[in-house]
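Biologist: I would like to learn how to read a model like this one. Could you take me through the features in turn?

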Amino acid sequence: MELPAVNALDTTHLIALAAALGWASGLRLYAVLAITGLVGYAGWVQLPPGLQLLQHPAMLAGSGFMLFVEFFADKIPGLDSLWDLVHTAVRIPAGAALAASVFGADHATAAALAALLGGTLAATSHVAKATTRAAVNTSPEPFSNIGMSLLGDLAVPSMLWLAFEHPVLAIAGVAAAFVGMLILVWLLSKFLARLWARLKMLLGAASATATESR
């Protein structure tokens, strides 16, 4: 996938980039940081001033290391859900901050709207990812877990590439993903609620049996 060599991003690109950064941060925050920084460092795209910190070598090293750790942590059943739980407090504000940084302090209103958009998209994708992986982890085989993880590994760079190369398609893609993830969260939340209710019943029955046997 060849990225466009442009001097600066126009308004459509900026909107698409803010949406893509917010949405993708909820899935793979460190991939977002590393890929965006690498794009700017390589000179493929002139990043907005608020994002140029990401292309600093020290920042690239840090985000690259965390991307390496997350790549493997996300493929281990159980550990992936723990990783998601810990990063609930990280991904959502990071998605809001990255989206706002696309416009910067010189465009305060646009930056505030972008922060709201980015935070909402990050929260939606993060919750969809966490609930999906929790549901998948109920299966004893590891292959579905790894497959879901690889799907996320592919989705993030693909959406970022679209934001740079085909911004209108990126905006449409994020909008479609947002709606789809809302539906997915609603369906999976009902499944997990039934699973939790069944687990409580089993635990209650086991406790009652243990009490009667005394």
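This is a predicted model: local features need pLDDT of at least 70, side-chain atom pairs count only at pLDDT 80 or more; totals for chains, interfaces and linings use all residues.

Biologist: How many helices and strands does the protein chain have?

Modeller: Elements are DSSP runs, numbered from the N terminus: helices are H or I with at least four residues, strands are E with at least two. The protein chain has eight helices and zero strands. Among contacts (heavy atoms within 4.5 Å) between residues at least 6 apart in sequence, 76% join residues at least 24 apart.

Biologist: Where does UniProt place the feature "transmembrane region"?

Modeller: The unreviewed UniProt entry puts it at residues 6–24, 110–131, 143–164 and 170–193. UniProt positions follow the numbering used here, feature names are shortened, and annotations may be inferred rather than shown by experiment. In the model, residues 110–131 are 100% helix, with end C-alpha atoms 31 Å apart. Residues 143–164 are also 100% helix, and there the end C-alpha atoms are 33 Å apart.

Biologist: How do I describe two packed helices?

Modeller: Use the angle between their axes and the distance between the axes. Axes are lines fitted to C-alpha atoms, for helices over the stretch in contact, and angles run from 0 to 180 degrees between N-to-C directions. Take α2 (residues 29–41) and α5 (residues 88–103): their axes come within 10 Å and cross at roughly 30°. The two helices are therefore roughly parallel (angles under 35 degrees). On α2, the contact is made by Leu-29, Val-32 and Leu-33. On α5, it is made by Val-90, Arg-91, Ala-94 and Leu-98. These residues divide into six nonpolar, no polar and one charged. Nonpolar covers Ala, Val, Leu, Ile, Met, Phe, Trp, Tyr, Cys and Pro; charged covers Asp, Glu, Lys and Arg; the others, Gly among them, are polar.

Biologist: What do the buried residues of α5 pack against?

Modeller: Buried means under 20% relative accessible area (1.4 Å probe, protein chains only). The buried residues of α5 include Arg-91, Ala-94, Leu-98 and Val-102. The buried set packs against α1, α2, α3 (57–73), α4 (79–86) and α6. After α5 comes Gly-104, with a positive phi near 80°.

Biologist: Which residues touch the most other members of the largest nonpolar core?

Modeller: A nonpolar core is a set of buried Ala, Val, Leu, Ile, Met, Phe, Trp, Tyr and Cys residues joined through side-chain atoms within 4.5 Å. The largest one has 43 residues, and Leu-17, Leu-21, Trp-23, Leu-51, Leu-98 and Val-102 touch the most other members. α1 gives the most, with nine residues. Leaving aside neighbours within four places in sequence, Leu-51 contacts Leu-17, Leu-21, Leu-98, Ser-101 and Val-102.

Biologist: Is Lys-129 buried or exposed?

Modeller: Lys-129 lies in helix α6. Lys-129 is buried, at 7% relative accessible area. Not counting residues up to four places away in sequence, Lys-129 touches Gly-26, Leu-27, Arg-28, Asp-74, Asp-84 and Arg-91.

Biologist: What does Leu-33 touch?

Modeller: Leu-33 is in helix α2 and is buried at 12% relative accessibility. With residues up to four places away set aside, Leu-33 touches Leu-54, Met-59, Ser-63 and Leu-98. Leu-33 and Met-59 are 26 residues apart along the chain, and their C-alpha atoms are separated by 8.5 Å.

Note on methods. Residues are numbered from 1 along each chain as its sequence is written. Side-chain values use heavy atoms; hydrogens and water are left out. Angles under 35 degrees count as roughly parallel, over 145 as roughly antiparallel, 65 to 115 as roughly perpendicular and the rest as oblique. Buried means under 20% relative accessible area, exposed over 50%, partly exposed in between (1.4 Å probe, protein chains only).
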